Amino acid sequence: MYQALYRKYRPKVFKDVIGQPHVTVTLQNELLSGRIGHAYLFIGSRGTGKTTCAKIFAKAVNCMNLDEGNPCGECDLCREIDAGEVMDIVELDAASNNGVNDIRDICESAIFTPAKAKYRVYIIDEVHMLSPGAFNALLKTLEEPPAHVIFILATTEVHKIPATILSRCQRFEFHKISANDIAKRLEYVAEQENADIEKNAALLIAKISDGAMRDALAILDKCIGVSKKITVEIVSKTVGIASQEQVYEIIEAILKESPEIALAAVDNFDKHSKDMSRLTFELISNFRNIMLIKTLKSAQNLLIISDEDYKKLKDLAEKVTLETIIFIMDTLQQSFEKMSKGCDAKTELEMCLVKLCSPKLNYSNEAIANRIDKLEREINLLKAELKTEFKEN
């Protein structure tokens with residue numbers, strides 16, 4: 001049976017976890033020193049390795065031949081845990097098992113000593129979904145846990161967890177994985193799968209995945225299904241996003257105040273059944289890059305783009321003022337929010353582009369302020385030219 005790439009290449013030891021050394025090194029040191037806590041809280045956005053590290057830790061605390069803080073993967077317990085045959089390692093999805101009885105069953109079973117392993121480990125994913133009653137049921141066990149029990153709680157929304165629970169856990173925060181780290185991992189996985197991926201294509205997938213390795217591998221999986229030679233075009237078509245050329249065409253139309261070109265580009269995009277809200281997001285993202293280039297002396301390190309795209313955006317940045325960029329971003333952001341509330345995405349984007357390309361049709365305070373600012377700059381420029389001409393005469 002085919003196995004998805006994000007499952008096939010899920011790390012089995014801490015050293016293979018990408019982009020979280022501050023977590024993995026600490027956990028390894030605790031295992032080596034024997035300073036093992038009774039409750040851990042893993043915090044971070046999706047796809048950053050929380051559940052993966054929880055599974056590795058559950059295996060490591062029970063491994064009979066620990067290798068520098070990593071599970072050996074060869075002892076009987078490691079093999080049985082990998083095969084899912086050890087009942088002492090319990091995983092619970094709190095999104096669908098969030099009631100008092102679900103947690104009460106765990107707390108009652110925690111009393112008993114492990115059947116095979118040294119520790120009975122409970123991994124509760126999406127723990128913030130537990131009901132208030134379930135949190136109260138869990139609290140008693142966290143206050144006075146049996147010596148053979150370890151709880152590992154994972155969440156994407158830590159602010160929803162009661163302070164009484166937080167205070168009883170060792171807290172580890174998982175960062176978004178950097179685009180370069182994701183791109184390198186994608187290149188490695190592609191090579192293992194006998195596929196060839198361009199560097200710019202890997203960076204594009206990393207940008208789309210927004211720091212989530214699981215999402216990046218899922219996109220790569222789809223792309224390999226389309227072609228073994230993965231280019232930027234293949235990624236764009238597979239994910240359903242506009243190519244950079246299409247995005248640049250609309251940006252230039254906005255800067256030149258040409259609604260015909262902008263609307264034609266949107267219509268062509270729509271004919272291929274592409275997502276209008278995604279196109280709007282791409283426009284916002286590109287104008288954000290232009291803003292950073294305009295503001296900072298060296299912005300390339302902050303941008304997840306190729307050298308060619310950086311040069312193109314730098315040229316665009318020279319054609320527009322910072323005030324206009326911010327106004328455009330704000331207008332696009334307002335349209336993006338309206339799309340999320342159920343408005344017709346294509347119509348909303350078309351209205352937004354007409355406003356941006358025809359400033360006189362936009363009567364918002366921001367648009368009026370932007371036009372006044374533009375007039376002031378033109379007047380100052382005219383004054384400077386007249387002053388220069390007067391001196392020459």
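This is a predicted model: local features need pLDDT of at least 70, side-chain atom pairs count only at pLDDT 80 or more; totals for chains, interfaces and linings use all residues.
**The largest pocket**

The largest pocket holds about 600 Å³ of space. Its lining is made of 19 residues, and those nearest the centre of the pocket are R10, K55, I81, D82 and E91. Four elements each contribute at least two residues to this lining: α1 (5-8), α3 (50-60), α4 (76-82) and β2 (89-93). The most comes from α3, which gives five residues. Sorted by class, the lining has eight nonpolar residues, eight charged residues and three polar residues.

L77 belongs to helix α4, one of the elements that line the largest pocket. Is L77 buried or exposed? Its relative accessible area is 9%, so L77 is buried, the cut-off for that being under 20%. Setting aside residues up to four places away in sequence, L77 touches N62, M64, V86, K116 and A117. Of these contacts, K116 is 39 residues from L77 in sequence, yet their C-alpha atoms are 8.0 Å apart.

H148 sits in the loop between α6 (132-143) and β4 (149-155). Although H148 is in a loop, it counts as buried because its relative accessibility is 14%. Apart from neighbours within four places in sequence, H148 is in contact with A110, I111, F112, T113, P114, K118, Y119 and R120.

**Helices α12 and α17**

Two packed helices are described by the angle between their axes and the distance between the axes. For helix α12 (residues 244-255) and helix α17 (residues 345-357), the axes come within 8 Å and cross at roughly 40°. The two helices are therefore oblique to each other. Which residues of α12 meet α17? They are I250, A253 and I254, and on the α17 side the partners are L353, L356 and C357.

An α-helix has 3.6 residues a turn, so residues three or four places apart point the same way. In α12, I250, A253 and I254 are among the residues that take part in the contact with α17.

**Helix α9**

Helix α9 (residues 199-209) is mostly covered, with eight of its 11 residues buried. The buried residues are A201, A202, L203, L204, I205, A206, I208 and S209. They pack against several elements, namely α8 (179-192), β6 (196-197), α10 (213-226), β7 (229-230), α11 (232-239) and α14 (276-295). D210 follows α9 and has a positive phi, near 55°.

Most residues other than glycine have a negative phi. E68 is not a glycine, and its phi is positive, about 55°. D210 is also a residue other than glycine, with a positive phi near 55°. E68 lies in the loop between α3 and α4, while D210 lies in the loop between α9 and α10. E68 counts as exposed because its relative accessibility is 60%. D210 is partly exposed, with a relative accessible area of 41%.

The table sets out accessibility for the single residues described above.

| Residue | Relative accessible area | Class |
|---|---|---|
| L77 | 9% | buried |
| H148 | 14% | buried |
| D210 | 41% | partly exposed |
| E68 | 60% | exposed |

Note on methods
Residues are numbered from 1 along each chain as its sequence is written. Side-chain values use heavy atoms; hydrogens and water are left out. On a 1 Å grid over the protein atoms alone, a cavity is a set of points where a 1.4 Å probe fits but cannot get out, and a pocket is an open set with protein on both sides within 12 Å along at least five of seven lines; lining residues have an atom within 4 Å of a point. Grid points are joined across faces, edges and corners, and a volume is the space filled by probe spheres set on the points. Ala, Val, Leu, Ile, Met, Phe, Trp, Tyr, Cys and Pro count as nonpolar, Asp, Glu, Lys and Arg as charged, and the others, Gly among them, as polar. Buried means under 20% relative accessible area, exposed over 50%, partly exposed in between (1.4 Å probe, protein chains only). Contact means heavy atoms within 4.5 Å. Axes are lines fitted to C-alpha atoms, for helices over the stretch in contact, and angles run from 0 to 180 degrees between N-to-C directions. Angles under 35 degrees count as roughly parallel, over 145 as roughly antiparallel, 65 to 115 as roughly perpendicular and the rest as oblique.
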